[in-house]
Protein chains: 2
Amino acid sequence: MTEKIKIGIVGYGNVARGVECAVAQNPDMELCAVVTRRDPASVKVRTPGVKVVAAADAATLAGAVDVMILCGGSATDLPEMGPQHAALFNTIDSFDTHARIPEYFAAVDKAAAAGRHTSIISVGWDPGTFSLNRLFAESILPDGAHYTFWGRGVSQGHSDAIRRIPGVKNAIQYTIPVESAMQAARSGSQPELSTREKHTRECFVVAEDGADQAQIERTIREMPNYFSDYDTTVHFVSEDELKRDHSKMPHGGFVIRSGRTGEGNHHVIEYSLSLDSNPEFTASVLVCYARAAYRLSQKGDHGAKTVFDIAPALLSPKSAEQLRRELL
Amino acid sequence: MTEKIKIGIVGYGNVARGVECAVAQNPDMELCAVVTRRDPASVKVRTPGVKVVAAADAATLAGAVDVMILCGGSATDLPEMGPQHAALFNTIDSFDTHARIPEYFAAVDKAAAAGRHTSIISVGWDPGTFSLNRLFAESILPDGAHYTFWGRGVSQGHSDAIRRIPGVKNAIQYTIPVESAMQAARSGSQPELSTREKHTRECFVVAEDGADQAQIERTIREMPNYFSDYDTTVHFVSEDELKRDHSKMPHGGFVIRSGRTGEGNHHVIEYSLSLDSNPEFTASVLVCYARAAYRLSQKGDHGAKTVFDIAPALLSPKSAEQLRRELL
C-alpha cells in the first residue's frame with residue numbers, strides 16, 4: 001500500500017462531518033487536520049489523532065495536507081476562503097452560487113496556478129453530478145432539451161443564505177418540484193418551463209426576539225439568485241418547532257434530457273438522486289474528487305478545474321486495468 | 001468557425017446510418033467517407049459528397065479522415081478491425097463483449113500508440129454511459145452495491161451473435177429485466193442478485209431452409225458470455241413474422257447504486273435510458289466521443305482509451321467557459 005492521501009477540512013459543520021465519515025470509508029485516505037474559526041480547543045473531532053488548527057494558522061499545514069476540503073458557505077465564506085487556500089493547498093469546494101461561478105473560477109485559478117496547486121471547484125451534486133449529467137446528455141443528444149428538478153428537500157445553500165439575514169436566528173428552506181412540470185418534462189414534448197413553473201420554495205424561519213419579521217420575509221423573497229425568481233412561502237416558527245419538525249436534511253432531484261435522433265426517434269436520459277442526508281452525500285462527492293485533485297497535482301496539472309475537466313477514472317481508488325475489467 | 005472534424009465510418013448498417021444522422025446534428029463535424037466490405041458502387045450514402053471506399057482501400061483515407069468510427073460487430077469484426085484501423089486512424093468503436101475488453105484494449109492500444117493515434121474503445125451506453133454511472137456511483141458511495149438492468153429491448157450484440165450461427169438467416173433478441181429483482185435493487189436492502197435472477201432473454205430466429213433448429217437452439221443457449229448464464233427462450237419464426245413484429249429497435253435500462261454513509265443514512269443514485277432506437281442512440285454516443293478522440297489526438301495524447309479516461313468537457317462543442325456558465 002502506498003502512502004495514504006492526507007485530507008484536511010476547513011470548517012466542522014454538517015458537510016465537514018460528512019467528509020470525516022466519507023474519508024473513513026476510503027482506505028486510501030486519512031483525515032489529518034481540521035481548520036476552524038472557532039477556538040480550536042472547543043472543537044472535538046471524532047476521528048482520533050486529528051490536529052485542530054485555528055484558521056489564522058492554516059498556513060502551518062502547508063506540506064502536511066495533500067488536499068484541503070473547504071466546507072464553507074458560498075455566499076460569503078468561499079469567495080475569500082477559496083483563493084486563499086488554493087494558494088497554499090490542493091483544494092476541493094462546493095461553491096454553488098451558479099451565477100457567480102465564472103468569477104470564482106477565475107479567482108481560484110489564479111491563486112492555484114501561482115501556488116502550483118490543483119483546485120476543483122463547485123463539487124457536489126448540483127453543481128456536481130447533476131452538471132455532469134447535463135453535459136453528457138446534451139453532448140449525446142444535441143437536438144433536445146434538459147430539465148433539472150430538485151427536492152422535495154432541504155437546500156443547505158438557501159438555508160444558509162436566510163440565516164445570514166439580520167434578525168434571523170435559524171432557518172430551513174425546502175425546495176419543492178412542481179408535479180405537473182415534472183410530468184411535462186418526461187413526456188418528450190420538450191416544453192419550455194420557467195424557473196417559477198418548475199419549483200416552489202418554502203422557508204421555516206426562527207426570528208430573533210424583537211426582529212422585524214416583515215422585513216425578514218421581504219429580504220428573503222427579494223434575494224437575487226436564491227429566491228427572487230421563485231414563488232416563496234415564509235413561515236415563522238419557534239426554535240423548538242424547527243428542531244422537532246425540520247432537523248433532517250433529506251434531498252434529491254433529477255436531471256432529464258429529452259432528445260430526438262434520425263427521423264423522429266425519441267430518447268429520454270434520466271439521472272436521479274434520493275438522499276437521506278444531503279450534507280453526507282455532498283461530502284462523499286467532495287471526497288472522491290479530492291482523490292482526483294491529488295492525482296492531478298502529482299502529475300503537475302495545476303490551476304482551477306471543475307467536474308467537467310476530471311477524467312472519471314481519477315475518482316476511483318481502482319487501477320485503470322481493474323476499472324476496465326470490473327466496471328466497463 | 002475552425003475547420004470541421006472529418007468523420008469516416010466503417011460499415012453502413014444500422015449503427016453506421018445512426019452515426020450519419022448524428023454527425024448531421026453536430027455542426028462542428030462532417031461525414032466524409034464510408035468504408036465498406038460490399039461493392040462500393042452498391043452503397044448509396046444519404047449524405048451528398050461522401051466518398052465510398054472498399055475495405056481493402058481504407059488506408060488511402062489516412063490523413064483525409066480525422067476520426068474513423070468502427071461500426072462492426074464485437075464477435076468477429078472488431079477484434080481484427082479495431083487494431084487494424086487504430087494503426088491508421090483515430091478510432092471510436094462500441095466493442096461490447098465485456099469479458100474480452102482487457103485483451104481488446106491491449107491490442108488496440110499497441111496499434112494506436114505505434115501509429116500515433118487516439119482510439120476510444122467500448123463506447124455506447126453499455127459499455128459506455130452505464131459504465132460511467134457505475135464508476136461515478138461507486139466512487140461516491142464506496143459502501144454500497146450497484147445493479148444494472150437492461151430492457152425490455154433489442155440487444156444488437158446478442159442478435160448479431162445469433163445471426164452468426166450457421167443455419168440462422170435472421171434473428172432478434174430481447175433482453176427482459178425481472179420485475180421482482182428491480183424492486184429489490186431499489187429497496188436499499190442491497191440484495192445479491194445473480195445474473196440469472198435479474199434478466200431473461202427471448203430470441204426470435206428465422207432459420208434457413210433445412211437448418212437443424214434443435215442444433216441452433218442449443219448453440220444459442222450454450223453460447224458463453226452471451227447466453228449461457230441466462231434463462232433463454234428461443235422461438236423460430238418466419239422472415240415475414242420477424243419483419244412485421246420485431247423490426248423496431250427500442251431499448252433502455254438503468255444503473256442503480258444503493259449505498260450508506262455516516263450512521264446509516266441511505267442514498268440511491270439512479271441512471272436510466274428510454275430509447276426509441278438503440279442503434280441511433282449508440283451512434284450519438286459514438287459521435288460525441290469522436291470529438292474527444294480528435295481533441296486528444298491533437299494534443300498528442302495517443303493510445304487506447306475508454307470512457308473512463310475522457311474528461312467530460314472533451315465531449316462538448318462548447319468552450320470550457322461556456323460549459324461553466326451554462327451547465328455547471
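User: Which residue in β5(A) stands opposite A:Met68?

Analyst: Start with the strands, which are DSSP runs of E at least two residues long, just as helices are runs of H or I of at least four, numbered from the N terminus. In this predicted model, β4 (residues 67–70) and β5 (residues 90–93) of chain A run parallel, joined by 4 bridges; DSSP has to find at least two bridges for strands to pair. Across from A:Met68 you'll find A:Thr91.

User: What are the ground rules for numbering and confidence here?

Analyst: Residues count from 1 along each chain as its sequence is written, while chains are lettered from A and ligands numbered from 1 in the order written. Side-chain values use heavy atoms, leaving out hydrogens and water, and for this predicted model totals for chains, interfaces and linings use all residues, side-chain atom pairs count only at pLDDT 80 or more, and local features need pLDDT of at least 70.

User: Which strands of the 7-stranded open sheet in chain A stand at the edges?

Analyst: The pairing in this sheet is parallel, and the order reads β3-β2-β1-β4-β5-β6-β14. An edge strand has a single partner, so one side of it is left without a neighbour in the sheet. That puts β3 (51–54) and β14 (303–305) of chain A at the edges.

User: At about what angle does helix α2 of chain A run to β4(A)?

Analyst: Helix α2 (residues 77–86) lies across β1, β4, β5 and β6 of chain A. Angles go from 0 to 180 degrees between N-to-C directions, with axes as lines fitted to C-alpha atoms, for helices over the stretch in contact. Against β4(A), the helix runs at about 180°.

User: About how much area do chains A and B bury between them?

Analyst: Each chain puts 65 residues into the contact. Buried area is the accessible area (1.4 Å probe) lost when two parts are put together, summed over both. Of that, 62% sits on carbon and sulfur atoms, and the total is about 5,500 Å².

User: Is B:Arg324 buried or exposed?

Analyst: B:Arg324 belongs to helix α11 (residues 320–326) of chain B and touches A:Ile101, A:Phe105, A:Thr306 and A:Phe308. Buried is under 20% relative accessible area, exposed over 50%, and partly exposed in between (1.4 Å probe, protein chains only). Its relative accessibility is 10%, so B:Arg324 counts as buried.

User: Which side chain of chain A meets B:Arg46 in a salt bridge?

Analyst: A salt bridge needs a Lys or Arg side-chain nitrogen within 4 Å of an Asp or Glu carboxyl oxygen. In one of them, at 3.0 Å from N to O, the partner of B:Arg46 is A:Glu263.

User: How many residues of strand β12 in chain B are buried?

Analyst: β12(B) pairs antiparallel with β7 (residues 144–150) over 7 bridges and with β13 (residues 265–275) over 11 bridges. B:Phe254 stands opposite B:Phe149 and B:Ser272. β12(B) is largely enclosed by the rest of the structure, because the buried count for its 11 residues is 10.

Note on methods. Contact = heavy atoms within 4.5 Å. Lists of a residue's contacts leave out its neighbours within four places in sequence.
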